[in-house]
Amino acid sequence: MSDSQKSGGDKAATAVVKSTQKISKIWLIPLVTLLFGGWFIYQDIQRQGVSIEIEFDTASGLEEGKTKVKIRDVVMGRVEQIRLSDDSSSVLVTAKLNEDADKFLRSDTRFWVVSPKVSLAGVSGLQTLVSGAYIDMSPGIEGEPKRAFKALQEPPVTPIGTPGLRVYMESEQTFTAQVGDPMVYRGLSVGRIETVEYDLEAQQAKYSAFIEAPFDQLITSNTRFWNSSGIEVELGADGVGLTTSSLESLLIGGIAFDEPKGMPASEPLQQDTVFKIYPSKKSAESHRYSEKVYYILMMESSVRGLEEGAPVEYRGLQIGQVEEINFELKDMARSLSAEAYKIPVLISVQPALVNLGDSQAGKEMISKQISAWVGRGLRASLKTGNLLTGAVFVDLQHYENLPDQSLGRMQGFAVIPTVPDQIVQFADQLNTTLDKINSLPINGMAQDLRTLLQDLASSTKAFNATSSSLTTKLDELDMQGINGTLNSLNALLSSLAADDQGLSSVNQTMVEVQEAIRELKPLLQKMNSAPNSLIFKSQVAPDIEPRGVNR
């Protein structure tokens, strides 16, 4: 064997074996078919829409295959199945929605049944009288995607996405606000109450309300809320007050709000701020200031007619109010004593009401001022504010001729001295008058009066006797003769008046008499000055007559 043949045989012995297995192209056909099939199935599922489950209290007005699900009157799906829950406490409704509704299904999505409804707030859902009830849907904006929901019993007061502000309130008073009642600003409805809850532990009613824009800018830290339901009639120390709000709140109630005048600059509204609802506008305005100085009055007289919230006045100006009557004092001795029980009344004085500012500095100033005034005779008393209602108020006045006294302290509160009220003062004056009357010598005066009456009776008898005697004398007179004389005199006068010549003669005679008297006047004067001149010759030398010059 040649060398070339040997080398060829060696190459054949060392050949490398390689795998020739590959995926056949024939398998691409079923793979593509599978992909297309999955795509068609996905498209079919998408065309079928989204299935959701909604829990209702009842199935009233709902029908399988007929009841529609709408957003703003646009049909988004239908009810497919209605069944009871496992514990039969609710109804589970399965609805199929269009694929376009998937983006609206969030945790804040809301569902409710729209049906005809008539209430004081108005009439709604009348179109369902013909078309039947349907499920309305409020699209969600925030939250995670969701497929199971709890339906609302009533339509939401505020649609999701409405611009405005949500506020939270609480009230300890008897209050009957309901969901949907208006929020009123100076007679204008600017929002609605959304939720009403009652806290059993705190015994408070809690409310949330939505104020629509742009009125949400009116809500500040100084805003006060009060009950505006119906007509408010107030009988207090200030008289009879009548307050009404808008016609809507008059019929269905509501909550009003405003910022009272004279408030300090408002602060930024905190996110968790909870406002208090006051029973009336007057009460809300009286609580517009936060800083108060508290005092205790130990009242010795009756506090009937005094109520919490009654004004505290200084010379006719309200500077505070009554906070609590029969205030509990832990330091006060409860042992029996001969003295009457003094009723503690807690009052507050607000420095802002006397223009001292709603601040700590104002509180310090009012404390110093009242302390100084008490040393100069400032006292507290109860006075009648309204005779019709019998309401009273606390009056602070300066009194003279009182013993020196200073502010006391009791359980950390300053105590302002008191004086008896008007009724007690009147009773004291009446008692003093009665004492003076009792001190008069009534017995002696009665005896003198009895003697006077006896003398008066004797004088009356004597007068009666004199009158009888006079009557007898008059009867004895010749009344016919007197009447005849008077008649003759009347006849004479009548004849003189009728005869003009006779009257002229009388007048001439009177003139002559006057001339004779005038001539006798010098003689009478002479006889008056020298009576003996008629007998003896007058010693008076004649008057010297002047003579002319001899020639």
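**Ala-284**

I looked up Ala-284 in this predicted model and found it in helix H5, residues 281–286. I take helices (H or I, at least four residues) and strands (E, at least two) as DSSP runs, numbered from the N terminus. The numbering of residues starts from 1 along each chain as its sequence is written. The model being predicted, local features need pLDDT of at least 70 and side-chain atom pairs count only at pLDDT 80 or more, while totals for chains, interfaces and linings use all residues; side-chain values use heavy atoms, with hydrogens and water left out.

Is Ala-284 buried or exposed? Ala-284 counts as buried because its relative accessibility is 1%. The classes I use are buried under 20% relative accessible area, exposed over 50%, and partly exposed in between (1.4 Å probe, protein chains only).

I then listed the contacts of Ala-284, leaving aside neighbours within four places in sequence: Arg-224, Phe-225, Trp-226 and Tyr-278. Contact here means heavy atoms within 4.5 Å. I also noted Thr-223, which is 61 residues from Ala-284 in sequence and 9.5 Å away in space, C-alpha to C-alpha.

**Nonpolar cores**

I searched for nonpolar cores, that is, sets of buried Ala, Val, Leu, Ile, Met, Phe, Trp, Tyr and Cys residues joined through side-chain atoms within 4.5 Å. The largest has 26 residues, and Leu-306, Val-345 and Val-394 have the most contacts inside it. Elements giving two or more residues to this core are strands E19 (293–299), E20 (311–314), E21 (317–325), E22 (343–349), E23 (378–384) and E24 (392–398), together with helix H6 (360–375).

Which residues does Leu-306 contact, leaving aside neighbours within four places in sequence? I found Val-322, Ile-325, Val-345, Leu-382, Val-392, Phe-393 and Val-394. Another core, of 20 residues, lies apart from the largest one; Val-69, Val-79, Leu-105 and Ile-135 are among its members.

**Salt bridges**

My search of the whole structure gave 12 salt bridges. The criterion is a side-chain nitrogen of Lys or Arg within 4 Å of a carboxyl oxygen of Asp or Glu.

I looked at Lys-150 and found a salt bridge to Glu-55 at 3.8 Å, N to O. Lys-150 is in strand E9 (residues 148–150) and Glu-55 in strand E1 (residues 50–56), so this pair ties together parts 95 residues apart in sequence. Lys-150 also forms a salt bridge with Asp-57, with the closest N and O atoms 3.4 Å apart. Asp-57 sits in the loop between E1 and strand E2 (68–71), so its pairing with Lys-150 ties together parts 93 residues apart in sequence.

For accessibility I noted partly exposed in each case: Lys-150 at 46%, Glu-55 at 27% and Asp-57 at 40%.

I next checked Glu-291, which forms a salt bridge with Lys-363, the closest N and O atoms being 3.6 Å apart. Glu-291 is in the loop between H5 and E19 and Lys-363 in helix H6, 72 residues apart. At 23% relative accessibility, Glu-291 counts as partly exposed. Shared partners join the salt bridges of Glu-55, Asp-57 and Lys-150 into one network.

**Residues 26–42**

The unreviewed UniProt entry annotates residues 26–42 as "transmembrane region"; such annotations may be inferred rather than shown by experiment. In the model I find this span 88% helix and 0% strand, with its end C-alpha atoms 26 Å apart. I placed Phe-40 in helix H2, residues 28–48. Phe-40 counts as exposed because its relative accessibility is 52%.
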